Amino acid sequence: MSTQIFASSKKGKKVLSFGEILLRICPDMDGAWLKENKLPFYVGGAELNVATALALWNVPSAYLSAVPDNSVTREIVDYLDARNIDTSPMVYHGERLGLYYLPKGKDLKNAGVIYDRANSAYAGLKVGQINWDEVFEEVSWFHFSAICPAINQSIADVCLEALKVASAKNITISLDLNYRAKLWKYGKDPIDVLPELAQYCTLIMGNVWAANKMLGTALHDDLLPTEGYAKETLLQQATDTSAEILKLFPACKAVANTFRFDHGKGIRYYTAIYTEGELTVSEEYVSEEILDKVGSGDCFMGGLIYGFYNQLSAKETLNFATAAAYDKLYIPSDATTSTVADIEKRIIRNDQ
């Protein structure tokens, strides 16, 4: 890939991630948390996980969310500041911080997740409340995910407002097609909302099933379920889906797909990126057991941004992002704690 595709993402300028900051509460399944009065939690949220990874990897990283102004949220913001995340765009209003409960060992996409984020400070954001011209000063990349417009129509409208300003400023825009069925509760389906937002995006990441559901791309008839297919079949679908996205959304220059399948207690994992008419495929990672699936996709997204921000080739970018995502499966938190050096070692080990 020509690095000129992402030339607007000038090094030294910031990557701004926009989304809801959440606390993940992690009760164990045997009731010990009640008996011992211990309830582990992590600071997270899909977009914050990206911002945290980028800051750790020395990419200037900023984060915009909304939180109530109280002593607890101020401590959380201080925690982010200490990780070199620029939180100056943060909005302080409202009465509550969003939460979700995920019993240990459960995947975020499974039914075990319990959301407690209705009427949160972030959900209360309105069009006209954020001065995007001011927020986008010294920003060359804007990242958000499909979780944002899933919350309510108001947030979907705020996303559109931000995208219009970012696009006018020639800011690179990335979108993660995260699908959370339990969040789309305000009378809209993803297909009613995401295509309008995707038209502004330079880089779109997800998988072929999410693209079908959220952007309306075609899915081969024999791929309607989501597992049990030959790798060659899936990669052909990735090529077709990606080419269709680039045709439907001319601002988009690259489409990335992840393929993650259960493998006993572990996973099989590989990825691909399509740009300039060519599909680049990663090495395949196979693990017999993992620690935590939460945040792996966010880490992949962060890896893509890291690679393109640093003007690496498509292959180098994909190798880094895939290794970062796989590495995250062994880290029990929402965001990665692995450095660039750690991830590069992971790449080398997989090649051997």
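A nonpolar core is a set of buried Ala, Val, Leu, Ile, Met, Phe, Trp, Tyr and Cys residues joined through side-chain atoms within 4.5 Å. Buried means under 20% relative accessible area, exposed over 50%, and partly exposed in between, with a 1.4 Å probe and protein chains only. The structure is a predicted model, in which local features need pLDDT of at least 70 and side-chain atom pairs count only at pLDDT 80 or more, while totals for chains, interfaces and linings use all residues. Residues are numbered from 1 along each chain as its sequence is written, and side-chain values use heavy atoms, with hydrogens and water left out.

**Exercise 1.** Describe the largest nonpolar core and find the residues that touch the most other members.

Solution. 
- Step 1: The largest nonpolar core has 52 residues, and those touching the most other members are Phe18, Trp132, Phe142, Phe144 and Leu194.
- Step 2: Helix 6 (residues 153-168) gives this core its largest share, 8 residues. Helices (H or I, at least four residues) and strands (E, at least two) are DSSP runs, numbered from the N terminus.
- Step 3: Another core lies apart from it, with 35 residues, including Met301, Leu304, Tyr306 and Phe320.
- Step 4: For the chain as a whole, 55% of the 352 residues count as buried.

**Exercise 2.** Which residues of helix 7 (residues 190-198) are buried, and what do they pack against?

Solution. 
- Step 1: The buried residues of helix 7 are Pro190, Val193, Leu194, Leu197 and Ala198.
- Step 2: Seen down the axis of helix 7, these residues fall within an arc of 120°, so they line one face of the helix. The arc is that of the directions from the helix axis to the C-beta atoms.
- Step 3: They pack against strand 10 (139-145), helix 5 (147-150), helix 6, strand 11 (172-176), strand 12 (203-206) and helix 8 (208-215).

**Exercise 3.** Classify the ring pairs of phenylalanine 18 with tryptophan 132 and of tyrosine 100 with tyrosine 115.

Solution. 
- Step 1: Rings of Phe, Tyr and Trp (its six-membered ring) pair if their centres lie within 6.5 Å; planes under 30 degrees apart count as stacked, over 60 as edge-to-face and the rest as tilted. This rule gives 15 aromatic pairs.
- Step 2: Phenylalanine 18 and tryptophan 132 are 5.5 Å apart centre to centre, with 85° between the planes, and the pair is edge-to-face.
- Step 3: Phenylalanine 18 is in strand 1 and tryptophan 132 in helix 4 (residues 132-135), 114 residues apart. Phenylalanine 18 is buried at 0% relative accessible area, and tryptophan 132 is buried at 3%.
- Step 4: The ring centres of tyrosine 100 and tyrosine 115 are 6.2 Å apart and their planes are at 50°, so the pair is tilted.
- Step 5: Tyrosine 100 lies in strand 8 (residues 98-101) and tyrosine 115 in strand 9 (residues 114-116), so the pair ties together parts 15 residues apart in sequence. Tyrosine 100 is buried at 3% relative accessibility, whereas tyrosine 115 is partly exposed at 21%.

Definitions and conventions: Contact means heavy atoms within 4.5 Å.
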